[in-house]
Amino acid sequence: MAESEKLVLGDKSVYPSEEILQSIIGEKMVLWQKIISYVKDNYKDITEEWRYYNDGKQWLFKMQQKKKTIFWAGVLKDTFRITFYFGNKAEPAIEESTLPQKIKDGFREAKRFGTLRPISTIVKENKDLDNILKLIDVKVKLK
């Protein structure tokens, strides 16, 4: 794993507050806030949670609608990664979406975890935000 892809919230005693997050991801905080606001503004019954996972020795963020996990997020130096897990029934919705071909191909070829496949994006620029918002819409609309 490249240094730029290494998660950085490994201290169990340091809860990832807004201030901590801002100090790590810097200018990408604006993109983080846009993602969180988008979900809260467009969907009902949304919960968010930071939790420390001992297996990966890392704090991860989870956004849910009722019991459905919409996405997971991990914090990297100067940015963050958003990961979605989709089942097989998501394939037509992803293929028919306006997502870039690279994301569609990555999903088709992704390693399966049971029936789930991940789509993971390291947020570097605004176009990454656009793709994440499209993926949120696909995820929430799936039954």
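Which residues do ring pairs link into a cluster? The cluster consists of Trp 32, Trp 50, Phe 61, Phe 71, Phe 80, Phe 84, Phe 86 and Phe 107. Rings of Phe, Tyr and Trp (its six-membered ring) are paired if their centres lie within 6.5 Å; planes under 30 degrees apart count as stacked, over 60 as edge-to-face and the rest as tilted. By this criterion the structure holds 12 aromatic pairs.

The structure is a predicted model, in which local features need pLDDT of at least 70 and side-chain atom pairs count only at pLDDT 80 or more, whereas totals for chains, interfaces and linings use all residues. Residues are numbered from 1 along each chain as its sequence is written, and side-chain values use heavy atoms, with hydrogens and water left out. The predictor's confidence in each residue, pLDDT, runs from 0 to 100. Its mean for the protein is 94, and 97% of the residues reach 70 or more. Helices (H or I, at least four residues) and strands (E, at least two) are DSSP runs, numbered from the N terminus.

The interior may be considered next. A nonpolar core is a set of buried Ala, Val, Leu, Ile, Met, Phe, Trp, Tyr and Cys residues joined through side-chain atoms within 4.5 Å; buried means under 20% relative accessible area, exposed over 50%, and partly exposed in between (1.4 Å probe, protein chains only). The largest such core has 40 residues, and those with the most contacts inside it are Trp 32, Ile 70, Phe 71, Ile 82, Phe 84, Phe 86 and Ile 136. At least two residues of this core come from each of α1 (18-25), α2 (29-42), β1 (46-53), β2 (58-65), β3 (68-76), β4 (79-86), α4 (101-109) and α5 (126-141). The largest share, 7 residues, is supplied by α5. Ile 136 is in contact (heavy atoms within 4.5 Å) with Ile 35, Tyr 38, Val 39, Tyr 43, Ile 70, Phe 71 and Phe 84, not counting residues up to four places away in sequence.

Helix α4 has a buried side made up of Ile 103, Lys 104 and Phe 107. These residues lie on the same side of the helix because they cover an arc of only 100° around its axis, the arc being that of the directions from the helix axis to the C-beta atoms. They pack against β4, α3 (91-96), β5 (117-122) and α5. The face turned away from them carries the exposed residues Lys 102 and Glu 109.

Because Phe 86 lies in strand β4 and Phe 107 in helix α4, the pair ties together parts that are 21 residues apart in sequence. Both residues are buried. Each ring also has a charge over it, defined by NZ of Lys or CZ of Arg within 6 Å of the ring centre and within 35 degrees of the ring normal: Arg 117 lies over the face of Phe 107, at 4.1 Å from the ring centre, and the charged end of Lys 139 sits over the ring of Phe 86, 5.2 Å from its centre.

Two loop residues complete the description. Asp 45, between α2 and β1, has a phi near 60°, a positive value in a residue other than glycine.  Lys 66, in the loop between β2 and β3, has a phi near 55° and is exposed, with a relative accessible area of 60%.
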